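Please consult the sequence and coordinates shown below alongside the text.

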Amino acid sequence: MPYFLKLKNFLNSEFTGNNTIFPPAPDVYSWSRFTPVSEVKVIIIGQDPYHNVNQAHGLCFSVNKGNAKPPSLRNIFKELKNEYPDYKEPSHGYLGGWAAQGVLLLNAALTVRAHQANSHADKGWEQFTDSVIAHLNKAQSNLVFILWGSYAQKKGKSIDSKKHLVIKGVHPSPLSASRGFFGSNHFLKTNEYLKSHGKAQIDWQQTDELPATN
């Protein structure tokens, strides 16, 4: 695939150059380790990784422990409290527990330069992640695609809504959350759909990575 070879060469130069790149190289594909494609039940699409030190670790909207929760993630937790009255907001913003339950937290671009949002946009990542979405759309049925904001909705425009539940809404950013994200019941709708198709529901309270079972 010529585009991927070009992307790989670009990334090699970025990681070996004078720029700091996030997430660290071992975490670029961590979304695929947390949530193998065969185990995906829900897909949430983000844009690009957080670009401040020690935040990004390969899952969209999630940050490493020890970092302040970004505003969009705080709004996500606020909406979960709206939907589930007993929900208790985690003390951290790490979402490994969601990913381990089958929630694919996929950014459109998988890397970024430090402190330069969207700096790795249009380098080939979008084509790669489009192919991931296309594979899931074709190979599986009864998945939930959550598309927050116009960017994610454009990226998910080819998803077959007859095979899957496609949830569209405004982005949880403070700039837009009050225009329909709050009160959307997207998390409840996701679990209702999973249950109706015989799949285990997501425990949104469980944000820490689940321990491995033998």
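The model is predicted. It contains 16 aromatic pairs. Among them, Y3 and F4 adopt an edge-to-face arrangement, with ring centres 6.1 Å apart and 80 degrees between the planes. Y3 is classed as buried because its relative accessibility is 16%, under the 20% limit. F4 has a relative accessibility of 26% and is therefore partly exposed.

A further edge-to-face pair is formed by W31 and F128, with 6.4 Å from centre to centre and an angle of 65 degrees between the planes. This pair joins distant parts of the chain: W31 belongs to helix 2 (residues 30-34) and F128 to helix 5 (residues 125-139), and the two are 97 residues apart. W31 counts as buried because its relative accessible area is 4%. F128 is likewise buried, at 16% relative accessibility.

The geometry of these two pairs is set out below.

| Pair | Centre to centre | Angle between planes | Arrangement |
|---|---|---|---|
| Y3 and F4 | 6.1 Å | 80 degrees | edge-to-face |
| W31 and F128 | 6.4 Å | 65 degrees | edge-to-face |

Both arrangements are edge-to-face because an angle over 60 degrees between the planes places a pair in that class.

One aromatic cluster comprises F61, W98, W148, F181, F182, F187 and W204. F182, one of the cluster members, also has a charged neighbour: K78 lies over the face of the F182 ring, at 4.9 Å from the ring centre.

Methods:
Residues numbered from 1 in each chain as written. Predicted model: local features only at pLDDT ≥ 70, side-chain atom pairs only at ≥ 80, totals over all residues. Heavy atoms only, no water. Phe/Tyr/Trp six-rings, centres within 6.5 Å; stacked < 30°, edge-to-face > 60°. Buried < 20%, exposed > 50% of the residue type's maximum accessible area, 1.4 Å probe, protein only. Helix = DSSP H or I, 4+ residues; strand = E, 2+ residues; numbered from the N terminus. Lys NZ or Arg CZ within 6 Å of the ring centre and 35° of its normal.
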